[in-house]
Amino acid sequence: MGATVITRTELPLPLVRRGKVRDVYAVGDDRLLLVASDRISAFDVVMHEAIPAKGIVLTQITAWWLAQLPSDIPHHLVSADVDAIVRDVPVLAPHAALLRGRAMLCLRTEVIPVECVIRGYLSGSAWKEYRAHGTLAGERLPDGLKESDRLSPPLFSPATKAETGHDENIPVSRVINELGPARAAELESLTRRVYAMGTAAAEPRGIIVADTKFEFGVRHGRVLLIDEVLTPDSSRFWPADQWAPGGPQPSFDKQPLRDWLDVERAAGRWNGDAPPPTLPDSVIAATSARYLDAYLRLTGHPLDPALLPSSPT
Ligand SMILES: Nc1ncnc2c1ncn2[C@@H]1O[C@H](COP(=O)(O)OP(=O)(O)O)[C@@H](O)[C@H]1O
Ligand SMILES: [Mg+2]
């Protein structure tokens, strides 16, 4: 039986939203089922094709990190084990094969509308702004930094949560205005702690977590870490042995896709917006292999084959 790739789910629960990657369903009043599809986006455009195993890798990496969080950093995950989820939510029983490995039962929160980005290296939109203006979210950075240079200490670099299109970097002062100084300080402190945990675990495994994005939500007045955590989709993972500031760095996961899209764009076959071009099978396969390798490199063990779509059931 074994499901193949999943681009979209139709579960017998109220649909809360379809995000770029996850389908989100309500489970009763105060829980959510997050189902990571194999959809992939690059340069903020969702591709038509799905990447085998990607949603499973993202879910399993998040669950792996959350299991290691110190107990004073509360998070939303109830269970990522499909058997336990189905026992809890029996209406999902007929969908267990599809959900295996890729579903998370979570506590529902009110999402705080700030992307809590932290940057240990100068890359992406931060590099673009710095190169043009010497600033990040309008605030001066030291002179003479190169692309992909290390930022020490890491920069808390919040962004708006844009419904569509590109997130916008915003100054910390705006977070303070919108959420109040106490909440803003709490988010920055949690962001720094979880990022520090991530870099401490990833560095000995040869992975630089150049930057990452966390989301937080409020439940009964308490801030919880929600969404995905320190995954290749929410972070820039670089091979440490290839790190060479002065240019962009290869990414563990999306590099084959990004490189191919760059060629299409340079050749005038893609304008950089939706609709995306049709991906060749070789790019799909290479990208899938990269996600599985990211799981292996990070956790030190291969993904449980029982979770993989092609495994016999
Ligand atoms: N515990 C939670 N409570 C409420 N919302 C959550 C929770 N965890 C994740 N979410 C939301 O679920 C969605 C996940 O889907 P995703 O595909 O990542 O969306 P996006 O396109 O916004 O990145 C996000 O909008 C995220 O804010
Ligand atoms: Mg997301």
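Residues are numbered from 1 along each chain as its sequence is written, while chains are lettered from A and ligands numbered from 1 in the order in which they are written. Because the model is predicted, local features need pLDDT of at least 70 and side-chain atom pairs count only at pLDDT 80 or more, whereas totals for chains, interfaces and linings use all residues; side-chain values use heavy atoms, with hydrogens and water left out.

Two packed helices are described by the angle between their axes and the distance between the axes. Helices here are DSSP runs (H or I, at least four residues), as are strands (E, at least two), numbered from the N terminus. Axes are lines fitted to C-alpha atoms, for helices over the stretch in contact, with angles from 0 to 180 degrees between N-to-C directions.

Start with helix 1 and helix 8 (residues 281-299), which pack at about 15° with axes 9 Å apart. That pair is therefore roughly parallel (angles under 35 degrees; over 145 is roughly antiparallel, 65 to 115 roughly perpendicular and the rest oblique). On the helix 1 side, the contact (heavy atoms within 4.5 Å) includes Trp-64 and Trp-65, and on the helix 8 side Tyr-291 and Tyr-295. By class, this contact has nine nonpolar, two polar and one charged residues. Nonpolar covers Ala, Val, Leu, Ile, Met, Phe, Trp, Tyr, Cys and Pro, charged covers Asp, Glu, Lys and Arg, and the others, Gly among them, are polar.

Helix 5 (residues 172-179) and helix 6 (residues 181-202) come within 7 Å, and their axes cross at roughly 130°. That makes helix 5 oblique to helix 6.

On a 1 Å grid over the protein atoms alone, a cavity is a set of points where a 1.4 Å probe fits but cannot get out, a pocket is an open set with protein on both sides within 12 Å along at least five of seven lines, and lining residues have an atom within 4 Å of a point. Grid points are joined across faces, edges and corners, and a volume is the space filled by probe spheres set on the points. Helix 1 turns up again, giving the most to the cavity lining with three residues. The second largest pocket has a volume of about 160 Å³, and Val-172 is one of the lining residues closest to its centre.
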